[in-house]
Amino acid sequence: MADEPTAKTSTALLVLGCPQVPVQTGIALYLINRLKKAGLTPVVAGNKAANTLLVVSDPDRHYVGEVIDLDRAVGLISDKKRDFDRCFVFVHNDAGVTYAATMGAISGAKLYALVYGEHFEEQAKKIDFPCTVIAAKAVHNPLPLKKAIDEVAPWAA
Amino acid sequence: MGCVESMNYEIVLRDATFRESREYVRSNFKESIDVQPGFKVFDVHVIGLPPIAIGLDGDFVIFPYTKPCHGTFLLRVEDREEAVRLRALKKVSRA
């Protein structure tokens, strides 16, 4: 058994933005669930507040696996110490676009920008780098963004 | 801000968009160097839409730092060694 080659599990990085828009945590948990069911290993990177919201929402860690600090994740990927197969960046402000562009430049992952919030069209227009944009006006109710994600089904791509 | 917090920095621009920060560096400093995301300035991996403009003003290094909730800050830090290192890279990239 020990000598049997094991298939490498695909990995996905979820880059969380500022948690001030309520849908982020719910959508992150939903996406983690879908990715896990599809056989991918999700890893979350965010600032302290965004990460803590997710961990507190899933105390028994049924969904959330590895969680790392956002600056540390950028450092690890920049230094080529770690990379992922897919990367989902949560975008609802200019900083989110900036992080998405950064991930596109430093990572070899297939990049998805999840754009939401009150001004989602304004933010989506700023994305002029290669990535799949999944956008919906979702602030308090996550369903419009969930629907947009389901249409793309990035866990199956 | 992680290790940025330990620096003696001055905030040149706050709560800006990344593009405003890049234009500010190019318009207000005679010297600048363009780098790619992930490039290390001091111990910070800079992030942004490439190219990222880093300003140089004597011994001062001016670079963007983005926080998820507060947008992009343009920070000015005095460090002769780092300014010299960045100027040397600028010369290499032009050679």
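**View 1. The largest nonpolar core of the predicted model.** This core holds 48 residues. Those with the most contacts inside it come from both chains: Leu13(A), Val89(A) and Met103(A), along with Ile54(B), Val61(B) and Phe63(B). Helix α4(A) gives the most to this core, with 6 residues.

**View 2. The surroundings of Val89(A).** Residues up to four places away in sequence are not counted here.

**View 3. The interface of chain A and chain B.** Here 22 residues of chain A are in contact with 18 residues of chain B. The buried area is about 1,500 Å². Carbon and sulfur atoms give 64% of that area. Asp94(A), Thr98(A) and Tyr99(A) supply 28% of the area that chain A buries against chain B, more than any other three residues.

**View 4. The salt bridge between chain A and chain B.** The count is 1. Asp128(A) and Arg19(B) meet through their side chains, at 3.1 Å from N to O. Across the interface, 6 residue pairs are in polar contact.

**View 5. The side of chain A that touches chain B.** Helices α3 (70–78) and α4 (94–106) of chain A each supply at least two residues. α4(A) gives the most, with 9 residues. By class, this side has 10 nonpolar, 7 polar and 5 charged residues.

How values were computed:
Residues numbered from 1 in each chain as written. Chains lettered and ligands numbered in written order. Predicted model: local features only at pLDDT ≥ 70, side-chain atom pairs only at ≥ 80, totals over all residues. Heavy atoms only, no water. Contact = heavy atoms within 4.5 Å. Buried area = accessible area lost by both parts, 1.4 Å probe. Salt bridge = Lys/Arg side-chain N within 4 Å of Asp/Glu carboxyl O. Polar contact = N/O pair within 3.5 Å; in protein donor to acceptor, adjacent residues only side chain to side chain. Helix = DSSP H or I, 4+ residues; strand = E, 2+ residues; numbered from the N terminus. Nonpolar A, V, L, I, M, F, W, Y, C, P; charged D, E, K, R; others polar. Core = buried A, V, L, I, M, F, W, Y, C linked by side-chain atoms within 4.5 Å. Buried < 20%, exposed > 50% of the residue type's maximum accessible area, 1.4 Å probe, protein only.
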